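Good morning. Please look at the screen.

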Amino acid sequence: MNTLFLLDATEAALGLYQLIFVCAVLLSLYSAYTWYEGRRDKEPLVERKGRILFLLAIITMVAVSFVSYAITGQLPF
C-alpha cells in the first residue's frame with residue numbers, strides 16, 4: 001500500500017515556472033493599481049514606481065515563458 005510517487009525533473013521545473021509566473025502576474029496587478037493610484041492622486045513618484053514594477057513584471061513573465069518552453073516544451077500558463 002505504501003507507494004512512492006516520483007516526480008520527474010521536467011514536471012518539477014514546470015511547477016516552479018508556474019509559481020514564478022503567477023507571482024509575476026500578481027506583481028503586475030499590484031503595479032497596475034499603484035500606477036492608477038499615482039495618476040489619480042497626481043503623484044509622479046508613485047506613478048513612476050507603478051510603471052517600473054509593471055515593466056519588471058512583464059519582462060519576468062516573458063522570460064519565464066521562454067525558459068519554460070525551452071526546457072520543458074510547455075508554457076507555464
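Which residues form the largest nonpolar core? Before I answer, note that this is a predicted model. The core has six residues: Ala13, Tyr17, Phe21, Ala24, Met61 and Val64. Helix 1 gives the largest share, with four residues.

Leaving aside residues up to four places away in sequence, what does Val64 touch? Its contacts are Tyr17, Ile20, Phe21 and Pro76.

Now to the outside. There is a nonpolar patch on the surface, formed by Phe54, Ile58, Val62 and Phe66. Together these four have about 360 Å² of accessible area. Take Phe66, which lies in helix 2, residues 44-72. Is Phe66 buried or exposed? Its relative accessible area is 61%, and the cut-off for exposed is over 50%, so Phe66 counts as exposed.

Last, the connection between the helices. Lys42 sits in the loop between helix 1 and helix 2. Its backbone is worth a look: phi is positive, about 55 degrees, although Lys42 is not a glycine. The same cut-off of over 50% applies here. Lys42 has a relative accessible area of 70%, so Lys42 is exposed as well.

Notes:
Residues numbered from 1 in each chain as written. Predicted model: local features only at pLDDT ≥ 70, side-chain atom pairs only at ≥ 80, totals over all residues. Heavy atoms only, no water. Patch = residues over 30% accessible without salt bridge, like charges linked within 9 Å, V, L, I, M, F, W, Y side chains within 5 Å. Areas by Shrake-Rupley, 256 points an atom, 1.4 Å probe, with all protein chains shown as cover. Salt bridge = Lys/Arg side-chain N within 4 Å of Asp/Glu carboxyl O. Helix = DSSP H or I, 4+ residues; strand = E, 2+ residues; numbered from the N terminus. Buried < 20%, exposed > 50% of the residue type's maximum accessible area, 1.4 Å probe, protein only. Core = buried A, V, L, I, M, F, W, Y, C linked by side-chain atoms within 4.5 Å. Contact = heavy atoms within 4.5 Å.
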